[in-house]
Amino acid sequence: MTGFRQYKIGARLFGLALGGSMTITLFFPSVNIAAVSSTDVALAKQLAIGHETGFNLEDPFLLGKNKPISVALKVDPKTGQPIDGGMMVYVYQQGTSYPAGILHPRILGEGIQQLSEQQGHINDATDARKTAGAVFTLRKGTYQGREFSYIDNLTATKGWTPADVMKVAKDEDVSHAGKGKTMFVREGCWWCHTLLPEETQDWQVFGAPPMMGDFNGESPTAFGSDRKAPDLLHVGSRNSSREWMMMHFFNPRLVQPHSIMPRFDYLWGEKDAAGQKIDFVKWRAEYDEYREGKRVTPPDVPSFASDSEIRSLVDFMLSLK
Amino acid sequence: MLKYLFAKNEDIPSGSAAVFFGFSSIVWFVIGTGLGSFNAAKLAFPDFVTGNEFFAFGHMRQVHVMAVIFGWISMAFAMAMMYITPALGNNKLWSEKLGLWNCMLWNVGLTLGLTILWAGITSGREYSDFPWPIDLYIAFAIFIPLGVNVWMTVLNRRTQGIYTTNWFFLAATFMVIIVFLIGNLPEFFHLTGLTEAYLTWWFAHNVLGLWITPVAAAIAYYVIPKVTGNPLYSHRIGHLHFWSVVVFYSTPAAHHLMSAPLPEWLKSFASVEGVLILVPAIAFVSNILLTMQGKWYMFVESIEIRFTITGCLMAIPLNMQGGFQQTRAINWYIHGTGWIVAHAHLALLGFSTFLEAAAVYYGLQALTKRKLYSITLANLHFWLLLIGFTVYWVSMTIAGLIQGAGKIYEVPYIDVVIAEHPYMIARWLGGTMVFVGNVLWLYNMWMTARKGTVVPQGRMPHELAYER
């Protein structure tokens, strides 16, 4: 570095200054953040949403692949006996990547990690010799005198396989919230809708802000920074109508005339719930007639097919309690 | 340009890489502002082009942002580095060939990255939206070759000292590589949760603070003394600027997440450091304005000076906003509103763009050795940019204050949307003016290279009179 001789002091000071600011802004916060235990919200969220939602090699085109299915189970899949009050289970079919908390239980926090490993047997799920997928649920347990929720691997503790659970699950009990989050990220919902009620306000309108441990295992968090539209973190508590969601996504102006939200009718795909081809051109023409006052009512919104992208997005919205 | 890609380095005319970068940057500016104008139209008129995912706002918004940051602004920076770094070292660019390849790989990579981003293939992280293979490409095929060229040119300089502009170029090319590689760690290694959220904003803040702001300022430190003929007012103030950027501007990342659940000490620290960015800001603006002493007539007469000084003057409201809007009291009111959108455009379209435009105007004339084709078109470009930007900034600031009030007083959200509507139309008109101005600029620079009057040997373009 001959050309740099006379800048020895400057170069060292530069390293010191930049290194110092990296220590304060990267190292110290990472120590703090790593010490935060998962809340129940984080545990449920990562089981429902799965491994990675942004670009990943398992789902490079963000089609909602490699995602778990949440099932509100009403009967025991082995015995067929009704389960009192129902039970939320998360089905990871063979090949579906496990969430960060199962692959790296350390991020769950000490108590949850110990319970999930010892009583929930989550390490069995990642064992390469037993890769038929797994079914998880959340349970309460006690570790060193304190109560924690922990992840229970039902495939190891009860022998319930993904196939068993899917056999008894009816379509209305199933939520594709994981795939729905992929739609949320891909379609850029988060450019206008935040997932972050502010700590300083928002309590009345959008509900409680999240806590530090609410995000363990989530990627991307997709908080959003620009709120051109209502916050959605608790939208499922404010509005749980599938019918309303369906109309609103197809054309937001049907339910909110002043909305500036784009139409997401293209998420319906080719066919509606009855398997009929959806005639978008005709729908738009009829809607334009309605807007111009030539029709009294707008055309009916086609019902979405149960495997459509919009169904998963609605499921994700309703999962935001 | 493409014919030189496989030529011997010594056969490539000096300045080829800078010219290639210069025109690329203008083309990306036209594309980026065109997308911005289209997006703004959709916010004003939601049924304008509808029912197709490729023209959905959520697919196009990030393409606009990335096109202007990594297309226009960063390529204009590269253009400036390609001709200013050797000019200040009294030598030639270390490798024109590397520069040309750098520019070509940059255009190819950015086109690829924006296309897949447009299709919805995204990491879901604001400002680091590109999927991680594209991030690696940007680091290794774009920023590292750029840094190598700049560093080697300075190390092989034929002057004794290093001028202020080149300190900034050296530091910024180094820091942007670090920022890129660390800021994208969540994607490389699947880091999750608050770590991911915080690193997203750590990246977003530092790419502005350690790349865009210092390089833009460095350009002004070259253009003003060069065109006016005045020496820089004070190298000591330049030192203050440089060191305070490194120390203060690299630390306030957490102030983008003031209302998120991060450790409180981190937010307080970031907020205090955030106010301290006024130190480099004041040092920079005062140094540049004092350099103009005795040459203020050039603010009217020279297009390069007019762009640079306007950009510097816009740094005053920019940093006043930037320093104080992230303190808890003000952040409470304006966080997440259009105010922030206006502020971001003041930084990138106001302050930064005006400084780079001057460097591209000046550089393309000096390198092609041709006088600007038309001062009339340049004036039109300037005023369309300035008026268009001002309309945009004022309307978005007002819209932001309405949103803030709606937030604090718990007004039903739809009433805020209704109240904002006129300002959404105004921002679209302002953005469209900027786009039209850039189309004129592209034509003007193309004609300059083709038909501009040849600058005689030993003369500088700014010594010749404008002709049209």
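Into which domains is chain A divided? I found domain 1 (1-35), domain 2 (40-175) and domain 3 (182-319); the bounds come from an automatic or database domain assignment. The C-alpha centres of domain 1 and domain 3 of chain A lie 45 Å apart.

I noted the conventions next. This is a predicted model, in which local features need pLDDT of at least 70 and side-chain atom pairs count only at pLDDT 80 or more, while totals for chains, interfaces and linings use all residues. Residues are numbered from 1 along each chain as its sequence is written, and chains are lettered from A and ligands numbered from 1 in the order in which they are written.

**Entry: the sheet of chain A**

I traced an open, antiparallel sheet of five strands in chain A, in the order β4-β3-β2-β1-β5. Strands (E, at least two residues) and helices (H or I, at least four) are DSSP runs, numbered from the N terminus, and two strands pair if DSSP finds at least two bridges between them. β4 and β5 (174-175) of chain A are at the edges with a single partner strand each, so one side of each has no neighbour in the sheet. β5(A) pairs with β1 (residues 69-75) of chain A over two bridges, and there Val71(A) stands opposite Val174(A). Helix α2 (residues 40-49) of chain A lies across β1, β2 (82-92), β3 and β4 of chain A, at about 5 degrees to β4(A). Such angles run from 0 to 180 degrees between N-to-C directions, with axes fitted to C-alpha atoms, for helices over the stretch in contact.

**Entry: the contact between chains**

I looked up the contact of chain A with chain B, which takes 64 residues from chain A and 60 residues from chain B. Residues are in contact if their C-beta atoms, placed from the backbone, lie within 7 Å. On the side of chain A that touches chain B, α1 (8-34), α8 (177-186) and α11 (280-291) of chain A each supply at least two residues. The largest share of that side, 10 residues, comes from α1(A).

**Entry: the nonpolar core**

Which residues touch the most other members of the largest nonpolar core? Among its 236 residues, they are Tyr198(B), Val215(B) and Ile219(B). Helix α7 (residues 193-228) of chain B gives the most to this core, 23 residues. Domain 2 and domain 3 of chain A both give residues to this core, so it lies between them. A nonpolar core is a set of buried Ala, Val, Leu, Ile, Met, Phe, Trp, Tyr and Cys residues joined through C-beta atoms within 7 Å; buried means that 20 or more other C-beta atoms lie within 10 Å of the residue's own.

How values were computed:
Contact = placed C-beta atoms within 7 Å. Buried ≥ 20, exposed ≤ 12 C-beta atoms within 10 Å, placed from the backbone.
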